[in-house]
Amino acid sequence: MTSSNSAADKYRSYLHGEGERNTVWKFGSPPNYDVVNKLFEEGRSKIWPPGSLEEEVQNLVKTWEMEMFHKVRFDDNKTVDPEKYRFGLNGRKGVTLEEKRKLGGGYNSLLQTSLPEKFRCYNPAVETADSSHVAFTTAFPRGFALEVVQVYSGPPVIVYKFRHWGYVEGPFKGHAPTGEMVEFYGMAIFELDEESKKIVKVEFFFDRGELLGGLMKGAKSDNSLPPSCPLFKNTA
């Protein structure tokens, strides 16, 4: 489903090599996943056999996530068909790559909500791609790890269950860090074009409260970010 062009990251393709020579990266260079890979390897509940369907799906999801967060130009994405691609969350109408970018991409598109604004502890409508990235990478300095815990069907329509987790070791939206692990589970459907093998449709189903509830357990403070907050490149 993906073909690695470098041994630099054993879980993600299309990070380095000749095929990425002209890729435009959001932060000027390819991201480094060493820290979150360590978190993943220490905390995963499954170790899938090399070459298994589960390993292939897990690597595809990690590669897709990397491209969605870090590649600026749509045509640089190797996992998706930029023209056909649609993204959906919890049954909402699918959006194009351009529409997803207008939502703020990344975390904002994954945390859409119909809650009235006064009840939104995290409001994707007012966050930018950069502000959301800073908020989550500050809260999870070791990254936010992802594993596939079960695959129910293989390509062209992949249905799988996933687990996301990280340790709240930094502040989040004015809440102090707790040091505790936050995790949540969800389901996803990835539909691939049978000829190109590229992703044309993605749907996620999960409760965003399982993530945000853990992030906001810490005591409320006046400062949501430390005085000098680095813009970490690591994600899941």
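## Largest pocket

The largest pocket in this predicted model has a volume of about 360 Å³. Its lining comprises 19 residues, and those nearest the centre are Met-68, Phe-69, Arg-101, Gly-105 and Gly-106. Two or more lining residues come from each of helix 2 (53-70), helix 3 (97-102), helix 4 (106-110) and helix 5 (129-139). Helix 2 makes the greatest contribution, with four residues.

Classified by residue type, the lining of the largest pocket holds seven nonpolar, seven polar and five charged residues.

## Strand 5 and its partners

Strand 5 spans residues 199-205 and is mostly covered, with five of its seven residues buried. It pairs with strand 1 (residues 86-89) in parallel through four bridges; within this pairing, Arg-86 has Lys-201 of strand 5 as its bridge partner.

Strand 5 also pairs with strand 4 (residues 181-192), here in the antiparallel sense and over six bridges. Met-187 is bridged to Phe-205 of strand 5. Strands 4 and 5 form a hairpin in which six residues lie between the two strands. In the turn, Lys-197 has a positive phi of about 70 degrees.

## Confidence of the prediction

The mean pLDDT of the protein is 90, and 91% of its residues reach 70 or more. Over residues 2-7, however, the pLDDT is below 50, and this stretch has 13 contacts in the model beyond near neighbours in sequence. Residues 224-233 likewise have a pLDDT below 50; beyond near neighbours in sequence, that stretch has 22 contacts in the model.

Methods
Residues are numbered from 1 along each chain as its sequence is written. This is a predicted model: local features need pLDDT of at least 70, side-chain atom pairs count only at pLDDT 80 or more; totals for chains, interfaces and linings use all residues. Side-chain values use heavy atoms; hydrogens and water are left out. On a 1 Å grid over the protein atoms alone, a cavity is a set of points where a 1.4 Å probe fits but cannot get out, and a pocket is an open set with protein on both sides within 12 Å along at least five of seven lines; lining residues have an atom within 4 Å of a point. Grid points are joined across faces, edges and corners, and a volume is the space filled by probe spheres set on the points. Ala, Val, Leu, Ile, Met, Phe, Trp, Tyr, Cys and Pro count as nonpolar, Asp, Glu, Lys and Arg as charged, and the others, Gly among them, as polar. pLDDT is the predictor's confidence in each residue, from 0 to 100. Contact means heavy atoms within 4.5 Å. Buried means under 20% relative accessible area, exposed over 50%, partly exposed in between (1.4 Å probe, protein chains only). Two strands pair if DSSP finds at least two bridges between them.
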